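Please look at the sequence and model below before reading on.

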Amino acid sequence: MLRDEFSELEMQRLNKLEQMRANGMEPFPTRSYKNCSNAEAIAAFEKAEAGSFEEPVEVVLAGRLRAIRNMGKLSFAHIEDRTGKVQLLLRVNEIGEEKLEEFVRYYDLGDFIEVQGEMFRTRRGEVTLQVQDFRMLAKALLQLPADKDETVDGEIIRHAQLTDPETRYRQRYVDLAVNPDVREIFKIRAQTIKALREFLDERGFLEVETPILQPIYGGAAAKPFTTYHNQLHQQLYLRISFELYLKRLLVGGFDRVYEIGRDFRNEGVSFKHNPEFTQLEFYMAYADYMKIMEITEQMVAQVAQKVLGTMKIQYNGQEIDLTPPWNRMQIRQGLIDHAGIDIQGYPDAESLEAVMKEKNISFKPGISRGKLINTLMDTFLEPILIQPTFLYDYPRDISPLAKAKPEDPTTVERFEGYIGGMELCNAFTELNDPLDQEQRFLEMGHTYSEDEEERNPMDEDYLRAMAYGMPPNGGLGLGVDRFVMLLTGQHTLREVILFPHLRDADQDVRKP
RNA sequence: GGGCGCGUAGCUCAAUGGUAGAGCAGCGGCCUUUUAAGCCGUUUGUUGGGAGUUCGAUCCUCCCCGCGCUCACCA
């Protein structure tokens, strides 16, 4: 029971609530008559002020009490709504002694209240509501973390603000309630997703939704979460990508499609990995990976421009310029330049392993040539790719859904976009030859042992779809959370995901 | 999963082998234009949980839980 866990402080608030009820005041009334936002009220007053006050600005405002300064015969307070804060002034000769005492006695920081009155400007110059009447909208029984602002030379200094990451993530509602800059991150996130949609919609892409519960997973190298449908006695997987379903739609005649949604990967958690994350994938018929590169850099730049008003972002203390065109680096050349290894000279895993060993490069023994090359990229290229860069031309064996280069069957037309030393997106000229695709599935089956969960299972229906004819196309997957990290200057995914994955809290969540 | 670090009041933090303090929040009082309001007074804690060493542990040891960083894994 909530009540049994209350501390002394919380019991005090509960007592206030009960006293209010006993005195005929409802602490949780059903309706509010708020008729304008805080920001609108201030704007309306400033407009009236500029125009000589023909009519007083009378409003009903509502919001959460964020500051109270009782001064005997008057009280100042701030309430906050979605648009910001506004100051209240409660004066005894405006509302009467009884009303003022009611405020002082029953109202606490964190309560939601409704106030009615007239806007004016105080001696210190703050646009303020002269309160004529007020009432409780929702009593807060728990205390929000103390937090106060101080303005020094126009700079806002925050005192004792909530910073404990565990409380912030587990009780995100508290974090949001007291940290406006956290709310700002999620506004930018929403705008980013909206801008991505607008970019694709403008170009004739159709937004679709495909299954999250899939009988066969695929489209990426990752371990899936498993689940089970009781009625149908069916083993199901939470999708690790949208790819195989979206490309089926190209067969169906939707030749430009995209989906923004959640992927699930049963793997480690890190600053750039969360078990569920938001992905954008799009597929475009009659485009190859070079065309997709151009669209990608335009898309990212345009979204940044729309959301931030600039294509230059600050990240890790460096300025990153998203303006197209981005750098392009062929993997072979990049590794010659930065690792001193020409992978073309090492056509199999054994020879490549040997030269890596010689150069004291650590790697997991026994992996394929493609994975060794991937290791080289992670070691030598990824960390240095701060400015936006497309790494392109990947080994065939780690890219089972990408089309081989016509002149080099060991290499596929694939690229990844890197920004700030982090992979942002992955794309290729999609394989549309069903016979080749079948061969790739078979190879994957051989490369991975039966118990390896990340092997791509054969998807017969996907092959059949392709056999009906799939237009040549290019596709892209972009990590939306990582993109938002870049746009908001955050260094961990947890800061851009409202409720990031955490371990079980096996105790009272308020005292972990 | 491995390594390292951390966990003290609602929040931010301090302290010591002798069962803990500050500011803010809270409570009581004064105060009619304040804004980290101010002034006077005052309360708060199983020091994450459990076990051990010790006359005595918040501090030392071990186990567990959680958080962070990092490596592994992973696009």
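## Contacts with phosphate

How far from a phosphate oxygen of RNA strand B does a backbone N or O atom of Lys73 lie? In this predicted model, the separation is 3.3 Å.

Side chains also reach the phosphates of RNA strand B. A polar side-chain atom of Arg124 is 2.5 Å from a phosphate oxygen, and for an N or O atom in the side chain of Lys148 the distance to a phosphate oxygen is 2.3 Å.

## The surface around the RNA

There are 61 residues around RNA strand B, and those that come nearest are Gln143, Glu166, Ala221, His273 and Arg414. Sorted by class, this surface holds 27 charged, 19 nonpolar and 15 polar residues. Helix H5, residues 165-170, gives the most to the surface, with four residues.

## Domains

Chain A is divided into two parts: domain 1 covers 2-161, and domain 2 covers 181-326 + 387-495. Taken over C-alpha atoms, the centres of domain 1 and domain 2 are 47 Å apart.

## The barrel

Five strands close into a barrel with mixed pairing, in the order E1-E2-E3-E5-E4. From one strand to the next, the twist averages 55°.

Strand E2 (residues 74-81) and strand E3 (residues 84-91) run antiparallel and are joined by eight bridges. Ser75 has Leu90 in E3 as its bridge partner.

Definitions and conventions
Residues numbered from 1 in each chain as written. Chains lettered and ligands numbered in written order. Predicted model: local features only at pLDDT ≥ 70, side-chain atom pairs only at ≥ 80, totals over all residues. Heavy atoms only, no water. Near = heavy atom within 4 Å. Polar contact = N/O pair within 3.5 Å; in protein donor to acceptor, adjacent residues only side chain to side chain. Helix = DSSP H or I, 4+ residues; strand = E, 2+ residues; numbered from the N terminus. Nonpolar A, V, L, I, M, F, W, Y, C, P; charged D, E, K, R; others polar. Domains from an automatic or database assignment. Pairing = 2+ DSSP bridges. Axes fitted to C-alpha atoms, helices over the stretch in contact; angles between N-to-C directions.
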